Number of protein chains: 4
Amino acid sequence: MSVDVSPQLLGDLRAELVERHQQLVRYGLVVWTAGNVSARVPGRELFLIKASGVEYERLEPASMVLCDLNGERAEQSGLKASSDTAAHAYVYRAMPEVGGVVHTHSNYACAFAAAGEPVPCVLTGIADEFGGEIPVGPFARVGNDDIGEGIVSTLAGHRSRAVLMQNHGVFTVGANAEAAVKTAVLCEDSAKSVHLARSLGEPLSIASADIDALHDRYRNVYGQQ
Amino acid sequence: MSVDVSPQLLGDLRAELVERHQQLVRYGLVVWTAGNVSARVPGRELFLIKASGVEYERLEPASMVLCDLNGERAEQSGLKASSDTAAHAYVYRAMPEVGGVVHTHSNYACAFAAAGEPVPCVLTGIADEFGGEIPVGPFARVGNDDIGEGIVSTLAGHRSRAVLMQNHGVFTVGANAEAAVKTAVLCEDSAKSVHLARSLGEPLSIASADIDALHDRYRNVYGQQ
Amino acid sequence: MSVDVSPQLLGDLRAELVERHQQLVRYGLVVWTAGNVSARVPGRELFLIKASGVEYERLEPASMVLCDLNGERAEQSGLKASSDTAAHAYVYRAMPEVGGVVHTHSNYACAFAAAGEPVPCVLTGIADEFGGEIPVGPFARVGNDDIGEGIVSTLAGHRSRAVLMQNHGVFTVGANAEAAVKTAVLCEDSAKSVHLARSLGEPLSIASADIDALHDRYRNVYGQQ
Amino acid sequence: MSVDVSPQLLGDLRAELVERHQQLVRYGLVVWTAGNVSARVPGRELFLIKASGVEYERLEPASMVLCDLNGERAEQSGLKASSDTAAHAYVYRAMPEVGGVVHTHSNYACAFAAAGEPVPCVLTGIADEFGGEIPVGPFARVGNDDIGEGIVSTLAGHRSRAVLMQNHGVFTVGANAEAAVKTAVLCEDSAKSVHLARSLGEPLSIASADIDALHDRYRNVYGQQ
């Protein structure tokens, strides 16, 4: 396969992905090697993803493996791509607007995933970021398209860009790797606050008109653009 | 609008606010960009507040936006002020004794906010700092004066300088930014201990005469002045 | 009052206490200024304790205040001693074998203190270090001898060198400051594990003969002496 | 006893063990001195283990004590080996495939150990790493072969290379120290997620055919070899 991409652009993206994995570590979303970030190569049918089983502290730009949208390695590197590569590839094929995907087993989100329960939208921060509940996707085995299909079909029915795959963990998507990491961070933070609220009793609900207004404002007014 | 303030004083206050935001990060009260600190410019109808949507690790003095007490930007900077600016401005207008305001979504406090329950005064440290329960304010949408009014009216009925806004998060006030940050730190720490106590059963209460005595002593004897 | 102590020894002890407070921070046992360590001056009716209301990151040797065993400042320093000084002084008067005292509001221990429940001895690590449950002492106001009396009378009935003062926090004692800090660290760690076990159901008990044997072995076989 | 081992190999192994203990600290699995790592000397009837009661921040290569498979010190060093040495030695005698052993009192695992409950296999990450539940071994006193026997007999009936010793803590084994540390990290992470899930209700189960398939794939497809 011929891979005709600017070496500068690829190098920058590899370096950014190393930093994005370090963010997952700093935010406590991953341990050992259990999570990964990928990024689409802008304008190409390619993406970069973490190599399988490499510890975060040893990651370097060369630890990011270039793959095509079937999840096949698109370079001569000796490293094997993440065992979650098929799921990432499926998302990039099915969702052209997605430029970054994150997978973690962060603890509070996994608690909801093991219980098979969505994270309900009972905090304004959840309305802002997720526009409603963080949904649960189906149980699916790793290694074929089942996980990818489960992610895409679940996201299709929700504003949330995070999905809790049942008995498994979290997948988040975004316009780029940074956006997907941000969503992963806020997913775990939201799951934690709601989990703690559940211990006190049933959390108070937020009216759906308020959820809509908060989400709309957050998307259109928040930030510097 | 003419802004005639000592550049040295403004610069010092901007630099202090960068450091105050780092304290929120170090104490684990905020993730990504979800929280902010502001400080009144002493003797002026102005305050400085974090720019909207800027990550904490990228904050620099120029990331603090000078606003008037209507929450309008009072300088030519290209940065937009925090989306919580209206709430901070309302507090500065209504409470002349307040020199610093902090807003966080810290997890244990948010759990009580989602449950709509105050943090009861069942530890002497809560009596010291808050002089009673940490109260819950009303649910209010972001963007107009509703949040500000809810903060001010709730604080008016309590010794606590922290308020849990229902389904939202924490606002704290103080004589300056340092005092408001301290209250935010102790609010989350108190909420955590009480949450953990609740899991064991109903916490023992403290007699209100003891609460009064503890709070009085803390305000008048503690510290170096 | 004449204070005739080797300046070298006092200086070393002040420097050690700065480091001991940093250990409390690193182990997550204290926030802001809410905890303190003291150390008896060997062979003298004096002890050093943290100044009141000074943040941990600003502590330096001069932040440690020399006091007599009535809790009165025994030097000309401008700093006021911790508001918990009376309790520390009482312990040094009543327990000549004690060379170090620690006070924290660590969260899991405070949860048991607010519930008025001891930490039961359901882990071998608790048997090792505490030789039985970590007991609860009475509720007592700060500022006179009530807290000190509560600590000493409660410790008199238990092997544990940590006591959970009801609705308040933890006091630990040891042959020196290091030993008292160690006990404070293990107290919080034990309270956390037991709290988590309680969420799963009633923890299994350990036979008292096993507790005795474990504690005896730990005191006589463990470590390098 | 004559100890005829390459000094280079022994020195490398000692240095690695210092780093492995630091990993336990960074992952929050140990406090003070309450946990240890050992490594078999390849091809020899010897292993290295942490000295008793030495704090992690003071560990250096010389803090690792060379022992024979009866747990007796096999060098002239002045340091006494860990009080858990007998248990490590028993494992090395009984399980020739084991090259590394880790012992911790990590909090969530201890919660299950105190409750006498295994960590159920309700997350795909647990199926991957443990191939089923993380089992509970018997209560056993320290100091003779009871703990070692309990570890070995419990592991014999499970794919899991981690065992929760009742009312005590965790032991993990692996082909080398790194593998045993990895298993200790994932044991605590798994126990935490399942503990949190339990608070929400009864976690959903994973079919045993799925557990088998996940574990098989993880052992044979994951990573770089």
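The legends below describe close-up views of a predicted model, chain by chain and interface by interface. Residues are numbered from 1 along each chain as its sequence is written, chains are lettered from A and ligands numbered from 1 in the order in which they are written, and side-chain values use heavy atoms, with hydrogens and water left out. Local features need pLDDT of at least 70 and side-chain atom pairs count only at pLDDT 80 or more, while totals for chains, interfaces and linings use all residues.

**View 1. The interface of chain B and chain A.** Here 33 residues of chain B are in contact with 31 residues of chain A, where contact means heavy atoms within 4.5 Å. The two chains bury about 3,000 Å² between them, and 55% of this lies on carbon and sulfur atoms. Buried area is the accessible area (1.4 Å probe) that two parts lose on being put together, summed over both. Trp32(B), Asn107(B) and Asn167(B) supply 24% of the area that chain B buries against chain A, more than any other three residues.

View 2. Glu57(B) forms a salt bridge with Arg26(A), with the closest N and O atoms 3.9 Å apart. On the side of chain B that touches chain A, helix H3 (107–115) and helix H6 (177–200) of chain B each supply at least two residues. The largest share of that side, seven residues, comes from H3(B). Helices (H or I, at least four residues) and strands (E, at least two) are DSSP runs, numbered from the N terminus. By class, the side of chain B that touches chain A has 13 nonpolar, 13 polar and seven charged residues. Ala, Val, Leu, Ile, Met, Phe, Trp, Tyr, Cys and Pro count as nonpolar, Asp, Glu, Lys and Arg as charged, and the others, Gly among them, as polar.

**View 3. The interface of chain B and chain C.** On this side, 31 residues of chain B are in contact with 33 residues of chain C. The area buried between chain B and chain C is about 3,000 Å², with 55% from carbon and sulfur atoms. Leu200(B), Tyr222(B) and Gln224(B) supply 23% of the area that chain B buries against chain C, more than any other three residues. Two salt bridges are found across this interface, and in one pair the side chains of Arg26(B) and Glu57(C) meet at 3.9 Å, N to O. Helix H1 (7–26), H6 and helix H7 (208–220) of chain B each supply at least two residues of the side that touches chain C. H6(B) gives the most to that side, with twelve residues. By class, the side of chain B that touches chain C has 17 nonpolar, seven polar and seven charged residues.

**View 4. The salt bridge of Arg26(C) and Glu57(D).** The closest N and O atoms of this pair are 3.9 Å apart. The pair crosses between chains, from Arg26(C) in helix H1 (residues 7–26) of chain C to Glu57(D) in the loop between strand S2 (46–50) and strand S3 (64–68) of chain D. Over all chains, the whole structure has 44 salt bridges.

**View 5. The rotation axis.** Chain B can be laid on chain A with an RMSD of 0.0 Å by a turn of 90° and a shift of 0.0 Å along the axis. That is the relation of a four-fold axis. Copies are superposed by least squares on the C-alpha atoms of residues with pLDDT of at least 70 in both. Of the residues of chain B, Ser199(B) comes closest to the rotation axis, its C-alpha being at 5.3 Å. No contact joins chain A and chain C, whose closest C-alpha atoms lie 11 Å apart.

Terms used
A salt bridge is a side-chain nitrogen of Lys or Arg within 4 Å of a carboxyl oxygen of Asp or Glu.
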